[in-house]
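Biologist: I am new to this one. Could you take me through it piece by piece?

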Amino acid sequence: MIVTILDIVIAGLLLGGLYALIAMGLSLQYGVARVLNISHGEFIMLGGLTTWTLYTAFGLNPLVALAVCGPAAFILGFIIHRTLFKRLLASSTSSSIFESNSMLASFGLMFIIQNIALIIWGPEMRGYSYLAVPVNLGGALFGANRLVTLGFAVAIGLAFYIFLARTRMGKAIRAAAQDPATAGLMGVNINQVLALCFGFGAALAAMAGMLISMCYPVHGVMGMEYTIIAIIVVVLGGLGSIPGSFIGGFILGLVGSIVTYFDPGLALVTYYVIFILLLLVRPTGIMGN
């Protein structure tokens with residue numbers, strides 16, 4: 001019995017670490033840049049498939065690929081915001097109109113990135129074996145790759161939170177999230193901060209995709225499932241709350257692990273039920289205002 005409980009809890013933490021990382025990126029893009037980025041999952045997919053290519057074609061260690069996928073996704077996200085969402089913001093007469101237009105634009109972006117990926121990698125499932133050796137934790141067996149994934153997900157999440165809390169740029173981002181107009185008057189370059197936030201969100205998604213590829217097969221149409229999970233975690237943690245997304249990811253991971261133990265087919269259904277209940281009972285989430 002104890003081994004079974006340990007198996008469920010550790011499996012939940014492993015899943016929750018990935019969910020937390022994915023949701024932090026989306027929370028940053030929506031909380032500061034006010035873009036509900038439906039194409040968020042496509043950056044996860046790009047990170048996973050790029051890591052697969054680097055490992056199988058060039059023999060590059062997936063953990064080293066992190067240093068490639070993260071910066072590349074950041075640059076791509078930064079350029080997308082400066083060329084697409086910045087123009088939409090300038091042409092929108094109110095924040096609500098911008099949020100609607102940007103969400104529709106991100107839908108288009110999702111299909112563009114997805115189809116480019118299908119042309120490059122095709123629709124097949126892509127996977128590789130890395131650190132797939134069993135590790136005994138109190139009688140429960142887990143792959144070493146999954147434990148490394150959890151360690152990196154937690155480390156990246158904490159490092160990013162410290163960046164937001166302690167650095168000058170992080171303070172500018174938090175100021176822009178609370179009151180963009182006042183932050184602009186205090187000398188914060190709002191357009192640059194918004195583009196940086198979108199870029200950071202894309203980088204976190206790509207790094208999550210790299211970690212996912214170490215444990216699960218990846219393919220060109222995997223993005224939407226992770227986007228939906230990220231939205232549920234962001235609502236659970238509180239819209240725009242980075243710590244809330246971090247905690248919410250682990251809560252959803254544990255719930256998913258418990259449900260999967262009884263019936264794997266009900267995990268996604270449970271996520272949707274939680275999402276609907278949150279919208280009805282506590283739409284601000286566990287750490288929202």
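Biologist: Which side chain does Glu-124 meet in a salt bridge?

Modeller: This is a predicted model, where local features need pLDDT of at least 70, side-chain atom pairs count only at pLDDT 80 or more, and totals for chains, interfaces and linings use all residues. Residues are numbered from 1 along each chain as its sequence is written, and side-chain values use heavy atoms, with hydrogens and water left out. A salt bridge needs a side-chain nitrogen of Lys or Arg within 4 Å of a carboxyl oxygen of Asp or Glu. At 3.2 Å, N to O, the partner of Glu-124 is Arg-126.

Biologist: How many residues apart are Glu-99 and Arg-34?

Modeller: Helices (DSSP runs of H or I, at least four residues) and strands (E, at least two) are numbered from the N terminus. Glu-99 sits in helix 4 (residues 95–121), and Arg-34 in the loop between helix 1 (2–31) and helix 2 (40–58). This pair links distant parts of the chain, with a separation of 65 residues.

Biologist: Is Arg-34 buried, exposed or partly exposed?

Modeller: Buried means under 20% relative accessible area, exposed over 50%, and partly exposed in between (1.4 Å probe, protein chains only). Glu-99, at 22%, is partly exposed. Arg-34 has 32%, so it is partly exposed.

Biologist: What is the phi of Arg-34?

Modeller: Most residues other than glycine have a negative phi. Arg-34 is not a glycine, yet its phi is positive, at about 60 degrees.

Biologist: How are the rings of Tyr-55 and Tyr-128 arranged?

Modeller: Rings of Phe, Tyr and Trp (its six-membered ring) pair if their centres lie within 6.5 Å; planes under 30 degrees apart are stacked, over 60 edge-to-face, and the rest tilted. The search of the whole structure finds eleven aromatic pairs. Here the centres are 4.7 Å apart and the planes at 35 degrees, so the pair is tilted.

Biologist: Where do Tyr-55 and Tyr-128 lie?

Modeller: The two are 73 residues apart in sequence, so their pair ties together separated parts. Tyr-55 lies in helix 2, and Tyr-128 in the loop between helix 4 and strand 1 (134–137).

Biologist: Which helix holds Phe-200, the ring partner of Phe-163?

Modeller: The Phe-163 and Phe-200 centres are 5.4 Å apart and the planes at 65 degrees, so the pair is edge-to-face. Phe-163 is in helix 5 (residues 144–166), 37 residues away, and Phe-200 is in helix 8.

Biologist: Which residues does His-81 contact, beyond four places in sequence?

Modeller: Contact means heavy atoms within 4.5 Å. His-81 lies in helix 3 and is buried at 2%. Its contacts are Ala-33, Lys-86, Leu-194, Ala-195 and Phe-198.

Biologist: How much accessible area does the nonpolar surface patch with Leu-280 have?

Modeller: Patches take residues with over 30% relative accessible area and no salt bridge, joining like charges within 9 Å and nonpolar side chains (Val, Leu, Ile, Met, Phe, Trp, Tyr) within 5 Å. Areas come from the Shrake-Rupley method with a 1.4 Å probe; for residues, only the protein chains shown count as cover. Leu-280 is in helix 11 (residues 267–281) and is exposed at 68%. With Leu-266, Val-269, Val-273, Ile-276, Leu-277 and Val-281, Leu-280 forms a patch of about 680 Å².
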